[in-house]
Amino acid sequence: MNIVLDFLVLLIIIIYSYLESLVKVFIPRKRKSVAGEIVLITGAGHGIGRHTAYEFAKRKSRLVLWDINKHGVEETAAECRKLGATTHVFVVDCSNREEIYNSVNQVKKEVGDVTIVVNNAGTIYPADLLSTKDEEITKTFEVNILGHFWITKALLPSMLMRNYGHIVTVASICGHRVTPYIIPYCSSKFAAVGFHRALTSELQALGKTGIKTSCLCPVFVNTGFTKNPSTRLWPVLETDEVARSLIDGILTNKKMIFVPSYLNISLTLERFLPERALAAINRVQDIQFEAVVGHKTKMK
């Protein structure tokens, strides 16, 4: 009898959730304020991280900017200060666990407890699998996913204590669908999406609903990490527009942030397509970028 009751409750929740989602399409989500929040952004010296810092600076957050590139992160910090934000700079290698832990301790002493973290630092080595060096594979996973674990583990205790915070995982559309010649990158981004979903589930199980989570999944972004990217079906995005979509998702506590937003519909439809149709779609997309294939640089 209990299981029948549980299924009835489940059915009601499913119907209510669909109706709620439908209503939210027409009613703008309430936006939260991030003024005064201590925001840590990794990979802040370039690309999405830099423009995300600008967006938080405009909203008067207190910024903690991390990057391995001292010159780049200081340039970002200088612009954020012009926008009126209190900004602290740390040169950190997000592939180094001990360096991450030491830097978090330093942030706590000098700035305070971080309330929003944007795990953005990432790396990519475009090449076929046999042309990819072992150390490049290791580095990809150390930066793109293991760094998320170490940073989150270091920051989570204070968030759990207060039941307050926001953890942002920067992933990619490559965390949902694959692209040839970037196997380690795709694998690490699948892991990042899984990390976000599992962390979200665990926080709910712990009853820590005051800690929000978001995951950013854009298509190709013109960051310079991949040279000459192009595709027929999707736009190659600029970093500032991705940062604006990210900040909008954070302010509305959106769980999964696709850029462009209609990617969500595309991914849902693809689940129902046979393998041959998916292969045909990939051919039509004609995704290209410079990659090392057979030890030679080619457009792939």
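## Surroundings of Thr132

The side chain of Thr132 reaches the backbone oxygen of Asp128 at a distance of 2.8 Å. This value, like the others in this report, is computed from a predicted model. Thr132 is placed in the loop that runs between β4 (116-119) and α5 (134-162).

Thr132 counts as buried, its relative accessibility being 7%. When residues up to four places away in sequence are left out, Thr132 touches Ala127, Ile137 and Pro184.

## A nonpolar surface patch

On the surface, a nonpolar patch is formed by Ile3, Val4, Leu5 and Leu8. Together these residues have about 380 Å² of accessible area. One of them, Leu5, is found in helix α1, which covers residues 2-26.

## Cysteines without disulfides

A disulfide is a covalent bond between the sulfur atoms of two cysteines. The count for this structure comes to zero disulfides.

Cys80 is buried, with 0% relative accessible area. For Cys186, the closest cysteine sulfur belongs to Cys174 at 4.1 Å, which is also too far for a bond, because a disulfide requires the two sulfur atoms to be within 2.5 Å. Cys186 counts as buried as well, at 3% relative accessibility.

## Backbone exceptions

Most residues other than glycine have a negative phi, and most peptide bonds are trans. The peptide bond from Val259 to Pro260 is cis, with omega near -5°. Pro260 is found in the loop between β7 (256-259) and α8 (263-270).

Tyr181 is not a glycine, yet its phi is positive, at about 75°. Tyr181 is placed in the loop between β5 (165-170) and α6 (183-205), and counts as partly exposed at 25% relative accessibility. Asn253 likewise has a positive phi, near 55°, in a residue other than glycine. The place of Asn253 is the loop between α7 (239-251) and β7, where Asn253 is partly exposed with a relative accessible area of 26%.

## Salt bridges

How many salt bridges does a search of the whole structure find? The search finds eight. In one of them, the side chains of Glu75 and Arg50 meet with an N to O distance of 3.2 Å. Glu75 lies in helix α3 (residues 70-82) and Arg50 in helix α2 (residues 47-58), so this pair ties together parts that are 25 residues apart in sequence. Glu75 is partly exposed, with a relative accessible area of 40%, whereas Arg50 counts as buried at 17% relative accessibility.

Other salt bridges lie within a single helix. Lys70 and Glu74 form a salt bridge whose closest N and O atoms are 2.8 Å apart. Both residues lie in helix α3, four residues apart, about one turn of the helix. Lys70 is partly exposed with a relative accessible area of 46%, and Glu74 counts as partly exposed at 37% relative accessibility. Elsewhere, salt bridges that share partners join Glu55, Lys58 and Arg59 into one network. Lys58 and Glu55 both lie in helix α2, three residues apart, about one turn of the helix. Lys58 counts as partly exposed at 48% relative accessibility, while Glu55 is buried, with a relative accessible area of 8%.

Notes. Residues numbered from 1 in each chain as written. Predicted model: local features only at pLDDT ≥ 70, side-chain atom pairs only at ≥ 80, totals over all residues. Heavy atoms only, no water. Helix = DSSP H or I, 4+ residues; strand = E, 2+ residues; numbered from the N terminus. Buried < 20%, exposed > 50% of the residue type's maximum accessible area, 1.4 Å probe, protein only. Polar contact = N/O pair within 3.5 Å; in protein donor to acceptor, adjacent residues only side chain to side chain. Contact = heavy atoms within 4.5 Å. Patch = residues over 30% accessible without salt bridge, like charges linked within 9 Å, V, L, I, M, F, W, Y side chains within 5 Å. Areas by Shrake-Rupley, 256 points an atom, 1.4 Å probe, with all protein chains shown as cover. Salt bridge = Lys/Arg side-chain N within 4 Å of Asp/Glu carboxyl O.
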